[in-house]
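Welcome, and thanks for taking a look at this chain. Please open the structure and keep it beside you as we walk through a few of its local features.

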Amino acid sequence: MKAGFKNGKIQLFFSLAPSIKIPFIDFFEKFIDFSYSSKYNLIVSIFLHREEELNYENPSEKGRERSHNCSSSLITMHWGDSTRAIPFFHLTQAPLSRRCFYMVRRPLFKPVHPVYEVTEQTIRMGDAPGYSVELDDENKAIRKMVKLMDGTRTIEDIHSALLGEYPELTREEIAEAVEDLGGLGFIMDQAAEEASGLTLAQKERYKANIRFFSLFTNLEQSPSDVQEQLSGKKVTILGMGAFGSTVLANLVGVGIEQIKLVDFDRVELNNLNRQMLFNEGDIGRLKVEAARDFIARLHSGVAIDTETMQIGSSADVEQVIAGSDLVVLAADQPFFVLPRWVNRACVNLGIPYIAGGFNLIEGQFFLVDPGKTGCLDCMHLHRSEQVEDYVRLIENLLNTEFRPPTATIAPNTMMITAMMASDAVRFLTGIAPVQSAGKLLLFDFNTLEKKVFVEWERNEQACPTCGKGNGEEPIFQVRANEVYVNARH
Ligand SMILES: [Zn+2]
């Protein structure tokens, strides 16, 4: 094997380009494992070539297929028969003071899944719905291999350990089995997991999160990468009442470590039936300050920025949300007007937002990803077309000056805010489809049933906010003086 590489050489190119293709040449495929980690900005590309046989300008079809766009910093290498041919290697020029290094993949059968016998010849992996398969294992080789996949052994080691009992097994078959079980979602790469940029304290604090994320990751992405992704996100929460404060606690739990809180209100005794971040000693204090102190005691690693202000225009919103990865709209007054300010600001700045509210017996929320989903004004256009009297009803409701008194219990608040936070995690990590993108979801507190109340597309032609519309439709005349107050666009 090594003789074949006699004239071979390795070139490593490091660049800071946003993405780069790595030609994955099938000739070498057996000898190289690539792992990708999106957490670094450092791009590593690697080309292996031999003078006469390999032309990396023109990789084979298979190689082309397997080219990857990635911002990768981890390359796991196996070279011929030896796993030590490429020494442990630090890249000290990595940005963000990160180190990365070459290492050999060490398969770990994800500890969240059981493996057990169904019959003598058959085994089942996984127990949770959607995460379970049955496999033939007549000679018990899979059972034994899975036991050896404990994250301490390379494919070589596993192969050597099995050779005594299964002399016909080849290294390639083990590598294939790792790929196959990886494809089924049962294997992760412990080497990549250990190379995560998380601190030991983060790994310990978020242990259960990381195990949960392992459900969604594969050999190319380690669960800690997902956690690290979340830790790097910045979320702004508008409103620190029942919605905002419970979303805040959930987001801190999942590992968002940069949070901005915006509110002008003070804690009152009647908030304490549902706003569990606050206590009697906080009565009379600004909510943003009481919430900040609560989080400081819960998780000292979270950077909380507070802003005491009553939002009065979309320009105000733009000012407070700039630089956020996600905005949570957790306030509802002024009714109809505030969501449109937030929508406008988020579309202008290209920042996604998730907004939630109550209607006595149901909670609702939706997510807008500017340019990708329809925005709130697209929804108003859609509803004006679908629902007779839509505009008149909104106007009439606004004209009553009715301000719904707070009428809710803590469990209901928590159910809907937890769902929002759960969707925020899906949105920020991409581990699973976002449920509320471009959809208004309703959750009935009495039946505990969820439904899609309205789903709408982006209306690029007619939307005055995210499209080319001129805003002449009647819905955009409603409270136009307030909606467009101080508007900069
Ligand atoms: Zn729109």
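Predicted model: local features only at pLDDT ≥ 70, side-chain atom pairs only at ≥ 80, totals over all residues.

## Two helices at an angle

The crossing of α4 and α5 is right-handed.

Which residues make the contact? From α4 they are I155, E156, I158 and H159, and from α5 they are R171, I174, A175 and V178. Sorted by class, the contact of α4 with α5 has 5 nonpolar, 1 polar and 2 charged residues.

## A second helix pair

In general, two packed helices are described by the angle between their axes and the distance between the axes. For α10 (residues 242-254) and α16 (residues 410-429), the axes come within 9 Å and cross at roughly 45°. Helices α10 and α16 are therefore oblique to each other, and their crossing is right-handed.

On the α10 side, the contact is made by A242, F243, T246, V247, N250, L251 and V254. On the α16 side, T413, M414, T417, A418, M420, A421, A424 and V425 take part. The residues of the contact of α10 with α16 divide into 11 nonpolar, 4 polar and no charged.

Strands of a sheet pair through backbone hydrogen bonds, either parallel or antiparallel. Here, 3 strands form an open sheet in the order β6-β7-β8, with antiparallel pairing. Its edge strands are β6 (115-117) and β8 (133-136), each pairing on one side only. From one strand to the next, the twist averages 30°.

If you zoom in on β6 and β7 (residues 122-125), you will find that they pair in the antiparallel sense over 3 bridges. E117 stands opposite I123 in β7.

## Backbone points worth a look

Most residues other than glycine have a negative phi, and most peptide bonds are trans. K140 has a positive phi near 65°, and this residue is not a glycine. Where does K140 lie? K140 is in the loop between β8 and α3 (141-148). With 14 C-beta neighbours inside 10 Å, K140 counts as partly exposed.

R479 is not a glycine either, and its phi is positive at about 50°. R479 is found in the loop between β17 (450-455) and α17 (480-483). Because R479 has 17 C-beta neighbours inside 10 Å, it counts as partly exposed. For the peptide bond, turn to Q333 and P334: the bond from Q333 to P334 is cis, with omega near 0°. P334 lies in the loop between β13 (326-329) and α13 (337-349).

## A helix in the open

Is helix α15 (residues 390-399) largely buried or in the open? Of its 10 residues, the number buried is 0, so α15 lies largely in the open. Following α15 comes E401, whose phi is positive, near 60°.

## The chain overall

Stepping back, the chain contains 17 helices and 17 strands. Of its 489 residues, 39% are buried. Among contacts in the chain with a separation of 6 or more, 70% are accounted for by residues 24 or more positions apart.

Notes: Residues numbered from 1 in each chain as written. Axes fitted to C-alpha atoms, helices over the stretch in contact; angles between N-to-C directions. Helix = DSSP H or I, 4+ residues; strand = E, 2+ residues; numbered from the N terminus. Parallel < 35°, antiparallel > 145°, perpendicular 65-115°, else oblique. Left-handed = near helix turned anticlockwise from the far one by under 90°. Contact = placed C-beta atoms within 7 Å. Nonpolar A, V, L, I, M, F, W, Y, C, P; charged D, E, K, R; others polar. Buried ≥ 20, exposed ≤ 12 C-beta atoms within 10 Å, placed from the backbone. Pairing = 2+ DSSP bridges.
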